[in-house]
Amino acid sequence: MVKLTQRLGGLVLRFAAFCAALGAVIAMITSRERSSFFVLSLVAKYSDLAAFKYFVIANAIVSVYSFLVLFLPKESLLWKFVVVLDLMVTMLLTSSLSAAVAVAQVGKRGNANAGWLPICGQVPRFCDQITGALIAGLVALVLYVFLLIFSIHHVVDPFLLRK
Amino acid sequence: MAVSKLALAATSGKNCKVLLGLRLLAFSATLSAAIVMGLNKETKTFVVGQVGNTPIKATFTAKFDHTPAFVFFVVANAMVSFHNLLMIGLQIFGGEIEFTGFRLLSVAILDMLNVTLISAAANAAAFMAEVGKNGNKHARWEKICDRFATYCDHGAGALIAAFAGVILMLIISAVSISRLVQPNKYCSTTASPSVVP
């Protein structure tokens, strides 16, 4: 009974992480806004910035990976390998989120010392959607940190509870 | 069968020395990245205009703390190098410190947290440096590396050291996690490892 709830908890966490990563990808891909700036017309898309492209690619990899691990049978010996893969995926998530937040922060507040103006004043809806995608990425990261601790607790048995 | 062989290999005495060497390398890489980026500063005078015949000069500085991503980079590298120093000290001087099997687990978890921390910091700084080097014509952000070449070079050196630190921390974390499979054999050079039951 305890093992069933544990396995169910792991599945629920992984499904939630899959949804969060997928939501981040979709929110960032569909963010596109056109604004007119005097005579010039400026189109803001996520692919203008390399950090956002990396964010989309990383979260897409994470969502595909979580979807595949959802179907791993309980008795498979691959669960020990899943611990290592979970660590690498967590690294991928934090690096992509951190890079996207760093660049989005420059977009929102600019960098007065380098002479870079903020762009959020001209494309506010684009900025809001990017913020939403970053929040979804953060949720996916937190869920994966829990999943990592969960995997180590159940697969590697660090407290030697099982003889 | 293969797992027990891996566990046996991970807990032999020779591997402890390998782990110590890796931690020393990671400590020096992250410390040098933090120091090089922390002392990164360049001041240059430019001619910004002309009034009649005399040129107007203005002095501009490029410092690491103008960019929040670089501040995070310095702080995170300092934290990871401090963690590595602590682990080296624990391995050399902390002979028998043990509290109900907590030592191996805390080392493994701390290593994992530091891997994620340093990878986040290195990536954030890398993408900000890419924007600084190439500019962004969609957002009308000009590149700054053609005017502050030394600043950019030092930053690139710090980034390379940090990425070496990321790879080293990943290997260290993998070794620490594989040590969890066989407890009672923590690495210490002052006490003999206890016999596996």
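How many helices and strands does chain B have? In this predicted model, chain B has 5 helices and 2 strands, and these elements follow the pattern α-α-β-β-α-α-α when read along the sequence. Of the 197 residues in chain B, 45% are buried, and among the contacts in this chain between residues at least 6 apart in sequence, 73% join residues at least 24 apart.

An unreviewed UniProt entry lists residues 20-39, 69-93, 105-129 and 156-177 of chain B under "transmembrane region". Two of these segments were examined in the model: residues 105-129 of chain B are 100% helix and 0% strand, with end C-alpha atoms 36 Å apart, and residues 156-177 of chain B are likewise 100% helix and 0% strand, with end C-alpha atoms 32 Å apart.

The interface between the two chains brings 34 residues of chain B into contact with 33 residues of chain A, and about 3000 Å² is buried between them, 76% of it on carbon and sulfur atoms. On the side of chain B, the residues that lose the most area to chain A are B:Phe127, B:His138 and B:Trp141, which together account for 21% of what that side buries. Between chain B and chain A the count of salt bridges is 0, whereas 8 residue pairs are found in polar contact across this interface, with both residues at pLDDT 80 or more. The elements of chain B that give two or more residues to the side touching chain A are α3 (68-93), α4 (102-134) and α5 (149-179), and the largest share, 14 residues, comes from α4(B). By class, this side of chain B comprises 22 nonpolar, 9 polar and 3 charged residues.

Over all chains, the search finds 4 salt bridges. One of them joins B:Asp111 and B:Arg23, whose side chains meet at 3.0 Å, N to O; because B:Asp111 lies in helix α4 of chain B and B:Arg23 in helix α2 (residues 13-38) of chain B, the pair ties together parts that are 88 residues apart in sequence. B:Asp111 is buried, with a relative accessible area of 0%, and B:Arg23 also counts as buried, at 2% relative accessibility. In chain A, A:Asp48 forms a salt bridge with A:Lys45, the closest N and O atoms being 3.8 Å apart; here A:Asp48 is buried, with a relative accessible area of 16%, while A:Lys45 counts as partly exposed at 25% relative accessibility. A further salt bridge links B:Arg147 with B:Glu142, where the closest N and O atoms are 3.6 Å apart, and B:Arg147 is partly exposed, with a relative accessible area of 33%.

Technical notes. Residues are numbered from 1 along each chain as its sequence is written. Chains are lettered from A and ligands numbered from 1 in the order in which they are written. This is a predicted model: local features need pLDDT of at least 70, side-chain atom pairs count only at pLDDT 80 or more; totals for chains, interfaces and linings use all residues. Side-chain values use heavy atoms; hydrogens and water are left out. UniProt positions are given in the numbering used here, feature names are shortened, and annotations may be inferred rather than shown by experiment. Helices (H or I, at least four residues) and strands (E, at least two) are DSSP runs, numbered from the N terminus. Contact means heavy atoms within 4.5 Å. Buried area is the accessible area (1.4 Å probe) that two parts lose on being put together, summed over both. A polar contact is a pair of N or O atoms within 3.5 Å; within protein, one must be able to donate a hydrogen and the other to accept it, and residues adjacent in sequence count only if both atoms are side-chain atoms. Ala, Val, Leu, Ile, Met, Phe, Trp, Tyr, Cys and Pro count as nonpolar, Asp, Glu, Lys and Arg as charged, and the others, Gly among them, as polar. Buried means under 20% relative accessible area, exposed over 50%, partly exposed in between (1.4 Å probe, protein chains only).
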